[in-house]
Amino acid sequence: MLRLFLGLVKGLVIGGAVGYGAHSLGLVGVFHWLTYGTVGALVGLLVGRPVWSHLFDKSSTMWTALLKGIFGFGIGVGLFALVAKVWGGFDLPIAGETHPIYDWQFVLGGAIGALYGAFVEVDDAPSKSAREAAAGKNRAA
């Protein structure tokens, strides 16, 4: 349960930050695809076992994180397509302005990041036997 919450928070922060940057730069229209794809890719690379953790742990490869990033790009683009094209979105008033939800990149980016981050964090959780083996190795050293 803690890992689920941790994944939600990490994904929310990453997605919100990327979305805020895109919103501040005024990236709209075609750039939505790139923005939400980037959110998914960065969440895949940084949440769960981040890409740099594989440098220190020789039992796994860096390909896992890279595949999560590539898959995450597709997840981000796919969720944006579902919201904007299939569902049609809805207007969201923030700070006296009303725009479709996908034009508030920090809101939708945070939501996409949180959803994918929770999935990745729970999926990357070490198994109970791996945790016990690591604890035993630490005690022996």
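Y116 counts as buried, because its relative accessibility is 4% (buried means under 20% relative accessible area, with a 1.4 Å probe and protein chains only). The model is a predicted one, in which local features need pLDDT of at least 70, side-chain atom pairs count only at pLDDT 80 or more, and totals for chains, interfaces and linings use all residues. Residues are numbered from 1 along each chain as its sequence is written, and side-chain values use heavy atoms, leaving out hydrogens and water.

The ring of Y116 is stacked with that of F119, since their centres are 6.4 Å apart and their planes meet at 20 degrees (rings of Phe, Tyr and Trp, the last by its six-membered ring, pair if their centres lie within 6.5 Å; planes under 30 degrees apart are stacked, over 60 edge-to-face and the rest tilted). Both residues sit in helix α4, three residues apart, about one turn of the helix (helices are DSSP runs of H or I with at least four residues, numbered from the N terminus).

The structure holds seven aromatic pairs. Among them is the tilted pair of F71 and Y116, at 6.3 Å centre to centre and 50 degrees between the planes. This pair links distant parts of the chain, with F71 in helix α3 (residues 63-87) and Y116 in helix α4 (residues 105-123), 45 residues apart. Elsewhere, ring pairs join W33, Y36, F80 and Y102 into a cluster.

Now for the helix packing. Helix α2 (residues 31-46) packs against α3 at about 140 degrees, with the axes 6 Å apart (axes are lines fitted to C-alpha atoms over the stretch in contact, and angles run from 0 to 180 degrees between N-to-C directions).

Notes
Helices (H or I, at least four residues) and strands (E, at least two) are DSSP runs, numbered from the N terminus. Buried means under 20% relative accessible area, exposed over 50%, partly exposed in between (1.4 Å probe, protein chains only).
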